[in-house]
Amino acid sequence: MNDNNFNDEFDVKKETASTPPAGGAPVHSAPPAGGVPAKSTRTKKILIAAGAVVIALVFFFVGWIVRYFTIDSRARTLLWLIDTIEDNYYKEIPDEKWDELYAQFYEMALPDKFCSYFTPEEFKQLLSEGEGNNKDAGFSAIDEDESLRVYNVIGNSPAALAGLKSGMYIYSFGTSEDSLKEGDRNALYSLSGSAIYLECGYGKDDTKVYCITGDTYLASYCSYRDSDSSFDFRGTEKLELTETNNPLAGADNKTAYISICEFNGNVAEEFVQMLGLMKERGRENLIIDLRRNGGGYLKDFQSIASHLLKNAEGNSPLVATAKYRSGRQVKFNADGNDYVKYFSQSSRVSILADEWTASASESLIGALVDYGTVGFSDIYLRKQENGEAHSYGKGVMQSAFTAVNGSAVRVTSAEIFWPVSGRSIHETGVTEEMGGQGIEAPLLHGETDTMLEEVLSRLNGAAL
């Protein structure tokens, strides 16, 4: 099962231990004719080696002492606290308890909600998932109004192949059909075993028990629909476009719909294949669904944007600028610029977003607005129960730094600005006040996607 993540960039920088200066004895002239007795030579070599070790140790301890006394006094106090507890607690503290305590220290040290600490195992898994190789059930759940519901389902995952869909209610669950019982998300996530069983449905009177096995799979993050059919990526060794026969009711014969649920895995390759499918099937207008897309990798944003920049010039237009605390600015460019390959000047592109559309998704919206692919009126925002309509508002990115033991910390390292206007949407998001169209709809839809239906209705009305 996967929770949302809000990371833009994994700029992995290895933490390395300092190498002490080379030590050793001075260079000696060649021995006189006849040589030096072997024992004497060995003794000198031993003394030289010992001297090198002593010098290295001296440099190491001097460096450690200098480092210790130059770090913040609060950090020294933390080290003192840990050492004092470890040395003086009335009984030996087991390793697993120390692991728990250190995890709490690491968590408390993170300065904002976007920063994260990963154990070596967690970071290795994260990097593997970034390549599209997942090993889990492939869905996430949310507690909503005393109900447990399916939040996201990853394409081509065991959950997706079993038939689980976002928005379904989870009425009971267990490790067998005979052990089904009610519970919250924490209880669901605590299940372990080769398979889990979920009693799900869009209503209590229409439920089914789904068996989902946690297995290795190639994750897919895009799906395609138009008025005649639908296509998803399927496969065990290689992802391939597969017709899934779920046409989009209400769409005209010129419009395609592509959902992007994360900027992760092979999403960039999937998206360009779906653009090719759109063109092959004679569609010239596109709806891009970014609802509940919390972002992902910067490289995927750069690649996807390269196909969608209507009025951009050059082979690799600027798509975002990162500004660091030091004042340094880094410009990120699209991987290409081939809008005209898939669209005409009269093509219409629309975007669906909600309050969980974040980070790389918001950067994509910014690039499309700045290059004239969409206007703010082409952005449809879910109007929440409190009357607000906006995207998440995450205009910062993270970089990951790894320690020598393989653990990592993801640190908020820069603020992101749109490429032409220089706008930052951090802590505000894309809003209805900017010109986005608010649509009243639930966060998780049932069998009917009321927000998508309303967008199609408005688009069809505008085309008349």
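Two rings of Phe, Tyr or Trp count as a pair if their centres lie within 6.5 Å. I'm keeping that in mind, and also that this is a predicted model.

**Entry: aromatic pairs**
How many aromatic pairs does a search of the whole structure find? I get twelve.

I looked up Tyr-106 and Tyr-117. Their ring centres are 4.3 Å apart and the planes meet at 45°, so I noted this pair as tilted. Tyr-106 belongs to helix H3 (residues 95-109) and Tyr-117 to strand E2 (residues 116-118), so the pair ties together parts eleven residues apart in sequence. Buried or exposed? Tyr-106 is partly exposed, at 33% relative accessible area, and Tyr-117 is partly exposed too, at 24%.

**Entry: a pair across the chain**
Next I checked Trp-356 and Tyr-392. This aromatic pair is tilted as well, with 5.6 Å from centre to centre and 35° between the planes. The two residues are 36 apart and link distant parts of the chain. I found Trp-356 in the loop between strand E17 (349-353) and helix H10 (360-370), and Tyr-392 in the loop between strand E18 (379-383) and strand E19 (396-402). Trp-356 is partly exposed at 31% relative accessible area. Tyr-392 has 18%, and the cut-off for buried is under 20%, so I put Tyr-392 down as buried.

**Entry: a cluster**
Which residues form one aromatic cluster with Tyr-106 and Tyr-117? I wrote down Trp-98, Tyr-102 and Phe-105.

**Entry: charges over rings**
I also looked for charged ends over rings. Arg-292 has its charged end over the ring of Tyr-151, 5.6 Å from the ring's centre. For Arg-328, the charged end sits over the ring of Tyr-324, 4.1 Å from its centre.

Methods
Residues numbered from 1 in each chain as written. Predicted model: local features only at pLDDT ≥ 70, side-chain atom pairs only at ≥ 80, totals over all residues. Heavy atoms only, no water. Phe/Tyr/Trp six-rings, centres within 6.5 Å; stacked < 30°, edge-to-face > 60°. Helix = DSSP H or I, 4+ residues; strand = E, 2+ residues; numbered from the N terminus. Buried < 20%, exposed > 50% of the residue type's maximum accessible area, 1.4 Å probe, protein only. Lys NZ or Arg CZ within 6 Å of the ring centre and 35° of its normal.
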